[in-house]
Amino acid sequence: MRTEQRLKYNFVFANAAPQLGLNRTNQVVDLETGARNARLDALTNPIVVVRAALDPATKVSNLRRAGNLQLVDLTLKQGDTLTLGIDATSNLPASVSYVVGNGNVGDLTLTTKWVGWVPENGVQVPLGYNTTSDWRNIVQSKLYVDRNIVDAPIEEIVAPAAGGGRGGAGGGAAGGRGGQAAAPQATKVADHVWYMNGNTFFEFDDHLTMFETNRNDAALQAVLAVANSLVPGKRVTQVIMSHHHFDHSAGVRAAVAQVLTIIARRGNEGILREMTSRPATLFPDALGRNPQPLKFIPVDDHLKLKDGTNEVDIYHVIADNHMADAVLAHVPASSLLVEADLTTQNWDYQWWGGSFMDNIEHRKIKVVTNLAVHAQQPFPIAEVVAAIEKQVRGAQEMCARAAAAQFYQPGCPVQYTRTLPPATP
Ligand SMILES: [Zn+2]
C-alpha cells in the first residue's frame, strides 16, 4: 500500500510547516511485514480489507447482525483483529474498526465508514471515508476522493527527503520533544527549583511538585528517577498540568499510575476523569495494568502552594486564544515563571503573543527568567519577549501572504494588542 500525504493543520500553532502544508508523510506500507498501525490503517481501504477477509490465512468468525449491518470479525495472519461491516441491503462494505493503544486514553477504537459508492473500471469504490474514534466520537479524518483509478498507472510515490519541515507540535505525539535525549539531567535554577528538559520541579518540606504531565510511562519513570534523587528523602508526589491538550496530557495516565496528585484548572477535571478511567487491556499501559483513581486538586483563579521551604503561585492563564482552562506557575522568591504554550522560543509564529506579558501584568508579578515546557533551557524574559515579537511578525507576514492570495488562513489577522518595536533588518 502506497500513500502520499501532505498534512495541513487548521489549528494555529507555533511552527510554519504544518500550517503551510509542507509536511509530507509519503510512505509505503508492506501489508505482510509493515508496522501494525500502518498496516491496519491501510486496511481502511475497502478493497484492501475485503482482500484480507478473503485471504485463506485470515480467520473469519462471529458473524452477527447490528441494525442493517452484517458484522464479522477478522483475525489476520499477523494476529490482529478487526471487525468488518457489510451493508445487508447493498452487500457493499460499510465499515471497519480496530483497536490501537493510545497514550492519552488507553485502548482506542477507530472506525472507518465508507459512503458514496461509484463504479470504476468494473469495481465499486467509495468517494467518502469517515474515520471516528470512540474517544468522544471525535472525527480522526474525513477523506473525499477526487478520483479513483483502478488498474491504471499512477505516479511513483517518493518518500520526502529527511528534514523537510519540522514536525507538528500540538497534535498528540506522546512524550513531548525531549524524548530523544540520553540521560536527563536536572539544572538547579534557584533555591528549591530545578528544570529538566521542559519540566520544572519545586521542592517543598516533605515532597516535590513537578510542572507538566507530558511524559508517558517510560519517560515519566526516567524523569522521576532523576527528580526523586534531587533531595534525599523527598519524592515527587504532585504534578501541575498546564492544560489538557494531548501533548501536555500525554502523561496524565502515567502520572495517575504513579499515584501523583494532579493540580490543574477545575474545568479539566471531567476530561481527566474520562482519560484516566478508560481501560487499556488490549494495549496495557501502566494505568491499564494497575488502575488507580485520579487524585485532583482544582485551581480556580489562583492557588498558592506554600510551606516552610517554598512558595509557588498557580494562576489561571488569561488572554490566550490557544487555551481556556490553563494555568501557569510563578515563584515569587526567584521571579521565575513556569508556563506551557505561551512561548515557543525557536519557532516561527505567535498567534497569542500578547498573552505572556498580559498575564505578567495582570498578576503584577516580577519575572526575570522563564521556564517553558517547549524549551530546553531557562530563558531571560528579554529574550522571550524578543522571540515573541519576531514570531508575531512571522505570523503577520504569513497572514499578509494569505490575504494577498485571497486564501483563508485560520488565525489571521493576528490578534496582538501590544506594541511591536520597529522591525530590525
Ligand atoms: Zn496547547
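Reader: Where does pLDDT stay under 50?

Author: Over residues 163–179. For that stretch the model has 35 contacts beyond four places in sequence. pLDDT is the predictor's confidence in each residue, from 0 to 100, and two residues are in contact if their C-beta atoms, placed from the backbone, lie within 7 Å.

Reader: What is the mean pLDDT of the protein?

Author: The mean is 92, and 94% of the residues reach 70 or more. This is a predicted model: local features need pLDDT of at least 70, side-chain atom pairs count only at pLDDT 80 or more, and totals for chains, interfaces and linings use all residues. Residues are numbered from 1 along each chain as its sequence is written.

Reader: OK. How many helices and strands does the protein have?

Author: Nine helices and 24 strands. Helices (H or I, at least four residues) and strands (E, at least two) are DSSP runs, numbered from the N terminus. The radius of gyration is 24 Å, close to the 22 Å of the globule rule for 425 residues, so the protein is as compact as a globular protein of that length. That radius is taken over C-alpha atoms, and the rule is 2.2 Å times the number of residues to the power 0.38.

Reader: And what share of the residues is buried?

Author: Buried residues make up 34% of the 425. A residue is buried if 20 or more other C-beta atoms lie within 10 Å of its own, exposed if 12 or fewer, and partly exposed in between, with C-beta atoms placed from the backbone.

Reader: Sheets next. In what order do the strands of the seven-stranded open sheet come?

Author: The order is S12-S13-S14-S15-S16-S17-S18, with mixed pairing. Strands S12 (187–190) and S18 (296–299) are the edges, each pairing on one side only. From one strand to the next the twist averages 25 degrees. Two strands pair if DSSP finds at least two bridges between them.

Reader: Is S14 mostly covered or mostly open?

Author: Mostly covered: four of the five residues of S14 (199–203) are buried. S14 is joined to S13 (193–196) by four bridges, and these two strands run antiparallel. Tyr 195 has Thr 200 in S14 as its bridge partner. The hairpin of S13 and S14 has two residues between the strands, and Asn 197 there takes a positive phi near 55 degrees.

Reader: What about S14 and S15, how many bridges join them?

Author: Four, and the strands run antiparallel. Phe 202 stands opposite Thr 209 in S15. S14 and S15 form a hairpin too, with four residues between them. S15 (208–211) also has four bridges to S16 (236–240), but those two strands run parallel. There, Phe 211 stands opposite Ile 240.

Reader: Switching to helices. Which residues of H6 are buried?

Author: In H6 (269–277) they are Leu 272, Met 275 and Thr 276. Seen down the axis, they fall within an arc of 90 degrees, so they line one face of the helix. The arc is that of the directions from the helix axis to the C-beta atoms. Their cover includes helix H5 (252–257), strand S17 (261–265), helix H7 (286–289) and S18.

Reader: And which ones are buried in H3?

Author: Pro 46, Val 49 and Ala 52, in a helix of residues 46–54. Here the arc is 125 degrees, so these residues line one face of H3. They pack against several strands, among them S6 (69–75) and S9 (106–120).

Reader: What does Trp 114 touch?

Author: Not counting residues up to four places away in sequence, Trp 114 touches Pro 46, Pro 93, Ala 94, Pro 126, Gly 128 and Tyr 129. Trp 114 is in S9, and counts as buried because it has 24 C-beta neighbours inside 10 Å.

Reader: Is Asp 341 buried or exposed?

Author: Buried, with 25 C-beta neighbours inside 10 Å. Its phi is near 70 degrees, a positive value in a residue other than glycine. Asp 151 also has a positive phi, about 55 degrees, but Asp 151 is exposed, with 8 other C-beta atoms within 10 Å.

Conventions:
Axes are lines fitted to C-alpha atoms, for helices over the stretch in contact, and angles run from 0 to 180 degrees between N-to-C directions.
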